Amino acid sequence: MQEGWVYKMYDVSGHRSGGAVDVEESSTYRVRPFRPAWWLRGAHAQTFGGKFLRPDPRLRLRRKRLETPDGDFVDLDFTPPPREGAPVVLVLHGLEGSALRRYMLVTYRELLDRGLHPIGLNFRSCSGEPNRALRFYHSGDTEDVRFVLELLAERYPGVPMGAVGFSLGGNVLLKYLGEEGERGAERLRCAVTISVPFDLAAGAERLEQGIPGRIYTGYFLQSLRRKVTARADELRGHCDVEAALRARTLREFDDAVTAPLNGFADALDYYRRSSSAAYLERIRVPTLLLQSEDDPFLPREAIPWDAIRGNPHLINGFTERGGHVGFVSGKPWAPRFWAEEETARFIGTALSSEK
């Protein structure tokens, strides 16, 4: 545990526990309550509102390609550093997103406003160009995060670093932190995750239910099928291309493509071995979990409460409402985005205490 970090319980909304963090005697972080916009009622309204209402901050980004040890590549999008020696924050996007999605850009803006230097990682095949290797990124693939963090540590020696992960990227980040255990604090001083599917099997099953689930699933599958179609000739013989193109659920797609390309027996084996819930108890980096209990991508009963409450390094930022990467508050003509604001407040408080 990092010296100077003190954890204690507090009541965030009158009936559930959370965590407060003292990074210095003079600086205490407490999760501010989320007050959903009255004009976006319900989980789906928050989810769609979050997607379509987030602004484009129009940041100037610089892209750098990193060659990976297996002969492939990943692309990073760098914001201009706000100052020399500014703390670095690696930001990870969600399923079929990219480092240029608006929730990423809003996060960069919030971090920059606090004197932090955000850098977005595009998972393989998500930067607008197909990757070279016969593999896709997935919810449990921590190799590229580990590789990128090591390179950033070399590029910015002595600079404190944090990380943020949205949805799939949050699952990857939590799994990485759990795999690293005590070593995690050598790379990262703090982390934040937003709308994580802690139990991938439960999340996939939830997305198979009802009209909203089919809408969300169809959105993701449309993009995934395009990638398979673009590389169909290469992929045949390594995975079931025809089954992937027929897939109507994420489980069917993962059975056809994700599992065989990444060494899993099937989709259920992939979900079991990649779900971040199994890694939470080993995390030793102060990590804020921003999560809504009404997230339409994960049933409430799949939230790993025991593991979260049992690890003092995990700070409870749970809300009753907010949808999936929604968390829209404010007025219709001036919406605000609580998750990005809280992310920047927490990381700014944590990294500003570093000497």
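Colleague: Let's start with charges. Which residue forms a salt bridge with Asp269?

Modeller: Arg273 does. The closest N and O atoms are 3.0 Å apart. Keep in mind that this is a predicted model.

Colleague: Where do Asp269 and Arg273 sit in helix H11, and how are they separated?

Modeller: Helix H11 covers residues 267-274. Asp269 and Arg273 are four residues apart in this helix, so about one helical turn separates them.

Colleague: Is Asp269 buried or exposed?

Modeller: Asp269 is buried, because its relative accessibility is 13% and the cut-off for buried is under 20%. Arg273 comes out at 39%, so Arg273 counts as partly exposed.

Colleague: And what does H11 pack against?

Modeller: Helix H10, residues 250-261. The angle is about 90°, and the axes are 8 Å apart. So H10 is roughly perpendicular to H11.

Colleague: Which residues make that contact?

Modeller: From H10, they are Leu250, Arg251, Asp254, Asp255, Thr258 and Ala259. From H11, they are Ala267, Leu268, Tyr270 and Tyr271.

Colleague: Why give both an angle and a distance?

Modeller: Because the angle between the axes and the distance between them together describe two packed helices.

Colleague: Then how do H3 and H4 pack?

Modeller: H3 is residues 143-155, and H4 is residues 168-180. Their angle is about 75°, with 9 Å between the axes. That makes H3 roughly perpendicular to H4, because 65 to 115 degrees counts that way.

Colleague: Which parts does the Glu340 and Arg54 pair tie together?

Modeller: Glu340 lies in helix H13, residues 338-352. Arg54 is in the loop between H1 and strand S4 (62-67). So the pair links parts that are 286 residues apart in sequence.

Colleague: Are Glu340 and Arg54 buried or exposed?

Modeller: Glu340 is buried, and Arg54 is buried too.

Colleague: What about Glu341, which contacts does it make beyond its neighbours within four places in sequence?

Modeller: Glu341 touches Arg32, Glu110 and Arg336. Glu341 is also in helix H13. Its relative accessibility is 13%, so Glu341 counts as buried.

Colleague: Which residue meets Glu293 in a salt bridge?

Modeller: Arg300, at 3.3 Å from N to O. Glu293 is buried, because its relative accessible area is 11%. Arg300 has 42%, so Arg300 is partly exposed.

Colleague: Which residues are linked in a network of salt bridges?

Modeller: Asp70, Asp72, Arg124, Arg135, Asp141, Glu143 and Asp144 are linked in one.

Colleague: New topic: the surface. Which residues make a nonpolar patch there?

Modeller: Phe48, Phe52, Ile211 and Ile215 do. The patch is about 420 Å².

Colleague: Which elements give two or more residues to that patch?

Modeller: Helix H1 (43-53) and helix H7 (210-230). Ile215 is in helix H7.

Colleague: How accessible is Ile215?

Modeller: Ile215 has 45% relative accessibility, so Ile215 counts as partly exposed.

Terms used:
Residues numbered from 1 in each chain as written. Predicted model: local features only at pLDDT ≥ 70, side-chain atom pairs only at ≥ 80, totals over all residues. Heavy atoms only, no water. Patch = residues over 30% accessible without salt bridge, like charges linked within 9 Å, V, L, I, M, F, W, Y side chains within 5 Å. Areas by Shrake-Rupley, 256 points an atom, 1.4 Å probe, with all protein chains shown as cover. Salt bridge = Lys/Arg side-chain N within 4 Å of Asp/Glu carboxyl O. Buried < 20%, exposed > 50% of the residue type's maximum accessible area, 1.4 Å probe, protein only. Axes fitted to C-alpha atoms, helices over the stretch in contact; angles between N-to-C directions. Parallel < 35°, antiparallel > 145°, perpendicular 65-115°, else oblique. Contact = heavy atoms within 4.5 Å.
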